[in-house]
Amino acid sequence: MASSLLCSITIRSLLVLLLHLSSLSNYLAAKHNQHGYHRHRSHNHSPTSNQRLHQAYIALQAWRRVIYSDPNNFTTNWVGPDVCSYKGIYCATATDDPKIRVVAGIDLNFADIAGFLPNELGLLSDLALIHLNSNRLCGIIPQSLTNLSLLYELDVSNNRFVGPFPSVVLSLPMLNYLDLRYNEFEGPLPPQLFQKKIDAIFINNNRFTSAVPAFLGGTSASVVVIANNNFKGCLPPSIANLADTLEELLLINTSLTGCLPPEVGYLYKLRVLDVSHNKIVGPIPYSLSGLAHLEQLNLAHNLMTGIVPQGVCILPNLANFTFSYNFFCEEEGICMNLTSKGIKYDDRRNCLPEKPLQRSQKECNDTLEHPVDCFQECCVASEGGGAFGRATPFAPALVPAATPLLSPSLAPSFP
């Protein structure tokens, strides 16, 4: 899973300016051979005669003044007006004027710098990429970034940013990749986040609270990772609205409750589903038997009950199925011997009578004597995303007519 995410991230990074800048060849060369690129920069326009590079100079000098620690000397050469020679700063031809160069990318990943982001960064209006992963940056994301109308990727992960969800990202029309993970952001998620045309959303390992927004729709995300937050509430049926694009959904340790909605089975492109370490109850929805592309399924450390259905165990691409630390009482058919299919699995700490390392009879009886009827469970969400506001029913899923719910070969037969 991690390798597939890293691979997709790398591919996105290489394609960013291809999609948004008319001349990318020099930029890509700079990413792989920074010094060689700087030796061949254009001499037709000096930095002082280019107003956009002058604005970039103002912005980057303002930033340098509030960088309080730079142990790896990333910003040591941020001196003078030639910003295209600054380490971690990449220039390319402007989208609207092929005769001038502009600052198109900032890549300071793993620089270990400490400081904050000044408002002057809003002067870098030609930026398509900001990568600030793994530093010691703190404070808030400045609202002035709303001026970055070409920004395609924003990665501020693994820093010390605080405050509510940075609403400025909602105003960035071209944003396609958002990575806020491993910071200290808090409060509710804005529903508008899941209504943006955006490919990847990483907001895991923060302090977000409240509930998952009731209406999920309008986004084109292929990857959504909101693990290790404290959302509470249920996964809304409107998750089905992401069916045409979603490939990886990770909701690990988000305090989810209620039943896993059958609409998860509508996500027919899904390859990774991980809802482990929550408080999900009820059975495995049989609709998951239609996820023909699913490779990894993790339901571990929940309160789920019932049968492990054969329809899931015979999914053609399933390679890893973890359902330990639940209260399942039966494995159907081939589910009892997944090793025969070459599937890695973990079924420990359930209530499976013929399997080792299971729960005690008392633990099983206490739970199984009070079965959950998911059809009677009414999962609600609060208006505005709050966990304890006025309860309103979840928005219905807008399932595309062409979405396959079950593979024909896996559909159950009825007498």
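Let me start with two residues. Phe185 is buried, and so is Phe208. Buried means under 20% relative accessible area, exposed means over 50%, and partly exposed is in between, using a 1.4 Å probe and protein chains only.

Some ground rules. This is a predicted model, so local features need pLDDT of at least 70 and side-chain atom pairs count only at pLDDT 80 or more, while totals for chains, interfaces and linings use all residues. Residues are numbered from 1 along each chain as its sequence is written, and side-chain values use heavy atoms, with hydrogens and water left out.

Now confidence. pLDDT is the predictor's confidence in each residue, from 0 to 100. The mean for the protein chain is 85, and 79% of its residues reach 70 or more. Residues 6–12 have pLDDT below 50, with nine contacts beyond near neighbours in sequence. Residues 14–45 are also below 50, and that stretch has 52 such contacts. Contact means heavy atoms within 4.5 Å. Where pLDDT is low, predicted coordinates should not be read in detail.

The overall picture. The protein chain has six helices and 23 strands. These are DSSP runs, numbered from the N terminus: helices are H or I with at least four residues, strands are E with at least two. Of the 415 residues, 53% count as buried. Among contacts between residues at least 6 apart in sequence, 52% join residues at least 24 apart.

Back to the rings. The whole structure holds nine aromatic pairs. Rings of Phe, Tyr and Trp (its six-membered ring) pair if their centres lie within 6.5 Å; planes under 30 degrees apart are stacked, over 60 edge-to-face, and the rest tilted. Phe185 and Phe208 are stacked, at 6.4 Å centre to centre and 10° between the planes. Phe185 lies in strand E10 (residues 184–187) and Phe208 in strand E12 (residues 207–208), so the pair ties together parts 23 residues apart in sequence. Phe321 and Phe323 have ring centres 4.6 Å apart and planes at 50°, so that pair is tilted. Phe321 is buried, as is Phe323. Ring pairs also link Phe161, Phe165, Phe185 and Phe208 into a cluster.

Charges over rings next. The criterion is NZ of Lys or CZ of Arg within 6 Å of the ring centre and within 35 degrees of the ring normal. Lys87 lies over the face of Phe74, 4.2 Å from the ring centre. Arg359 lies over the face of Phe327, at 4.1 Å.

Helix H4. At 1.5 Å a residue, its 15 residues (51–65) should span 21 Å, and the end C-alpha atoms are 21 Å apart, which agrees. The expected span is 1.5 Å times one less than the number of residues. What packs against the buried residues of H4? Strands E1 (67–69), E2 (89–93), E3 (101–107) and E4 (114–116). Those buried residues include Leu53, Leu60 and Trp63.

Last, three loop residues. Asn176 sits between strand E8 (160–164) and strand E9 (177–179). Asn176 is buried, at 16% relative accessible area. Phe110 has a positive phi of about 60° although it is not a glycine. Phe110 is in the loop between E3 and E4, and at 57% relative accessibility it counts as exposed. His301 also has a positive phi of about 60° without being a glycine. His301 lies between strand E17 (296–298) and strand E18 (303–308). With a relative accessible area of 30%, His301 is partly exposed.
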